[in-house]
Every structure is written in structure tokens, then in C-alpha cells.
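Colleague: I am new to this one. Can we go through it in short steps?

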Amino acid sequence: MILTTTEHIPGKEYEILGLVRGSTIQSKNLGKDIAQGLKGLVGGELKAYNEMMNEARALATKRMVADAETLEADAIVAMRYLSASVAQGAAEVMAYGTAVKFL
């Protein structure tokens, strides 16, 4: 499966199948949440949250690709990520794009 943030894939012609998406809501355990809160007081990278967001993006991408595979897509173009805080220490990540089939 080809994933691209561009609207066109050079040298490929395709038909648009439609919107595909995948999402997840992730949080860290209470111990890590407290530790990251303390880190926020002194500054620096919040590594546990960075790890959480990387895991969330990977899972959302996997779910988006699965959605595209149900349409028998060959690629996803104009792929994007969206994230939002849903609670203290928890975030939703959505991956979305346009599924296409090569001609």
C-alpha cells in the first residue's frame, strides 16, 4: 500500500474510491502521567507522551490502511493526521486520506 501526503503519484493514473480513516484514543498509566506532570514543571521533552503519540499514529495508520484494503485500494493519497486532547493525559489521533485504485 502506497501512502502519500501529496495528491498525485507521479506516473500513476487512478480512480478515487473514497475517504478512508482510522483512529485511536490513547493514554498513559497513572504513574507515567504523574511523572510527566512533574517533568512539565521543570521543562524538557515529555518522552512518555511522545511515545504515546507515536504509538497512536502507528495504530491509526494501520486502521486507515485496513479501511482502504476493504475497498481494494492500491494507495492512499492526501493522507493527513489529526489529533485532539480528549482528557488529561489522553489524546485521539485520526489518520485519514483518499483511497485510490490504479488504472
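Modeller: Start with a rule: a charge sits over a ring if NZ of Lys or CZ of Arg is within 6 Å of the ring centre and within 35 degrees of the ring normal. Keep in mind that this is a predicted model.

Colleague: Over which ring does the charged end of Lys12 sit?

Modeller: The distance to the ring centre has to be within 6 Å. For Lys12 that distance is 4.7 Å, and the ring is that of Phe102.

Colleague: Which side chain meets Lys101 in a salt bridge?

Modeller: Side chains of opposite charge can pair when their charged atoms come close. The count comes to one salt bridge. Lys101 lies in strand E4 and its partner in the loop between H2 and strand E3, so the pair ties together parts 27 residues apart in sequence. At 4.0 Å, N to O, the partner is Asp74.

Colleague: Is Thr61 buried or exposed?

Modeller: Thr61 is found in helix H2, residues 47-70. Buried means under 20% relative accessible area. Thr61 has 13% relative accessibility, so the residue counts as buried.

Colleague: With which side chain does the side chain of Thr61 make a polar contact?

Modeller: Leaving aside residues up to four places away in sequence, Thr61 touches Leu3, Met79, Tyr81 and Ala95. The polar contact spans 2.6 Å, and the partner is Tyr81.

Colleague: How far apart are the end C-alpha atoms of H2?

Modeller: H2 has 24 residues. At 1.5 Å a residue, they should span 34 Å. The model agrees, because the end C-alpha atoms are apart by 35 Å.

Key. Residues are numbered from 1 along each chain as its sequence is written. This is a predicted model: local features need pLDDT of at least 70, side-chain atom pairs count only at pLDDT 80 or more; totals for chains, interfaces and linings use all residues. Side-chain values use heavy atoms; hydrogens and water are left out. Helices (H or I, at least four residues) and strands (E, at least two) are DSSP runs, numbered from the N terminus. Buried means under 20% relative accessible area, exposed over 50%, partly exposed in between (1.4 Å probe, protein chains only). A polar contact is a pair of N or O atoms within 3.5 Å; within protein, one must be able to donate a hydrogen and the other to accept it, and residues adjacent in sequence count only if both atoms are side-chain atoms. Contact means heavy atoms within 4.5 Å. The expected span of a helix is 1.5 Å times one less than its number of residues.
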